[in-house]
Structures are given as C-alpha cells and as structure tokens.
Amino acid sequence: MKIAITGKGGVGKTTIASLLIQSLAQDGNKILAIDADPVASLAAALGFPEPDKIIPLSRMNELVEERTGAQPGTMGQLFKLNPAVDDLPDKIAARHGQIKLIVMGGIKQGGSGCACPESTLVKALVRHIILNRNEYVVMDMEAGVEHLGRATAEAVNVMIIVVEPGRRSIQAAHQIKKLAQQIGLKNIMAIGNKIRNTEDEKFLQENLQEIKTIGFLSFDNKIADSDQKGAPVIENQTILKEINKIKNSLTSSP
C-alpha cells in the first residue's frame, strides 16, 4: 500500500506520518518511509538515532554522478534521464526496527522545477518505489505534488491531506486536491488535526465536504512541543487510539 501525506506547513503532517508509520510497524509490517519534504524532520519524529547524520539522496554527490553521469548542481549538461535505482531502497535506507527511511532532499531551486541530475535521481527513485516496491510505503511530502508524476500518482493508493481548523489550511487543502487531480490522483482524503472540541470537527466537516475526512486527531500540547523541537513524537493514548482507527480504515479499504 502506498500512502502520500501532505498539507500546509505547520499542520502536523510529519507528526501524523510518523504516528501512522509506527502504528503500521506495530502490526508487524515492514515499512519504507520516504521523507520528501525539503525541511526533513521525519527521522527525528520516528525516533531514529542521530537523525541529523542521515544524508539526503539529493546530497549524495558521488552516487548522483555515478547514476546520472553528471555532477550535482550542473545545469545544461547531458545526463541520464532514467538512471538505475532498483537497488537504492535497500542500499541507502536508514533502519530503525521495522522501519526503513529514505530522505530525498529538496528537488526545487528558485521556486521552479530543477532540471538537474539530483532532481532526476530523486524523481526516478520515487517513481520506482511507488510503482515497483511490494511493501507499505508512507511518503511525507511538502504542500504539493512535486514529487509525483502522472504515472506515479496513479499507483498511489491514497493521498492524505492533513488539515487543521483554520481558513488557510482549508484553502491549502482544496488547492492540493486540485493539483493532485490534475495529475490523475483520484483517492484523496483528509485527516483533521489539532482538534480541540466538537466545534473544530464541525468546522472542518462543513468546509471539507468535497474531500472525504477519515478521522480526527485531538490537540495535545506535548505533541505540538515535540513537533516544534524536532523530537520523537510523544505517545498519547487518546491519539494512539485515533491513529489506529484511521489506520484500520485505510488498511481495510478495498
């Protein structure tokens, strides 16, 4: 099953990605986690030892040159558009228990697509993982669909947009849905995060009628603090029950 998680910055998508990954791993599943957010923090949220020492793929200069035939950072130089990546998930992934993690690194420069060797390698690896790997894949993305091409998007089982009770988050969710639909991604759902009361749930339900909402996670100061500090997500029994319910909904879907 391939799951992409996105949402406006600050809504807690990395926290939710880490909780969902850990819930799946507790069931005995082997997970390949992908941190595709340029501001990488999934390793820390998952409790990986020394997360700052995990090198993003886009900064593995020797590997980029080996696979593409061009040095990273070069523009206008000929390089392979379909580099070999089949062996990379097992070769470069960091490991922690049942979880393997690959940090992709940024693929954009100057606000536009980067037609460069490192970008090509990152996108090729994402495509291979989504299309060919037979395992649970959970991808923590930035607020958009930059890492997904049309063929890749069709193989994603579900894109989850994390939304908090706020107008800007709602607007971002609808924009992300529009972008996702443009590349052929059909199964788009939402999770409401940082829910304080029933009024917050009602607000999201009223403003997300066009996006199926599959669950809500309660607000917790300690989890918010750990998110801000880039620390492992603190366990909260209420939230664990809520994320398990969401996981069961996802895994039981046809």
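This is a predicted model: local features need pLDDT of at least 70, side-chain atom pairs count only at pLDDT 80 or more; totals for chains, interfaces and linings use all residues.
Local features here need pLDDT of at least 70, side-chain atom pairs count only at pLDDT 80 or more, and totals for chains, interfaces and linings use all residues. Residues are numbered from 1 along each chain as its sequence is written, and side-chain values use heavy atoms, with hydrogens and water left out.

Let's start with the helices (DSSP runs of H or I, at least four residues; strands are E runs of at least two, and both are numbered from the N terminus). Helix α3 and helix α5 pack at about 80°, their axes 9 Å apart. Axes are lines fitted to C-alpha atoms, for helices over the stretch in contact, and angles run from 0 to 180 degrees between N-to-C directions. That makes α3 and α5 roughly perpendicular (65 to 115 degrees). Here is who touches whom, with contact meaning heavy atoms within 4.5 Å:

| Helix | Range | Contact residues |
|---|---|---|
| α3 | residues 61-68 | L63, V64, R67, T68 |
| α5 | residues 117-132 | P117, E118, L121 |

This α3–α5 contact splits into four nonpolar, one polar and two charged residues (Ala, Val, Leu, Ile, Met, Phe, Trp, Tyr, Cys and Pro are nonpolar; Asp, Glu, Lys and Arg charged; the others, Gly among them, polar).

Strands β1 (2-6) and β7 (136-141) each give two or more of the lining residues, with β1 supplying the largest share, three. By class, the lining has seven nonpolar residues, no polar and one charged.

Definitions and conventions:
Angles under 35 degrees count as roughly parallel, over 145 as roughly antiparallel, 65 to 115 as roughly perpendicular and the rest as oblique.
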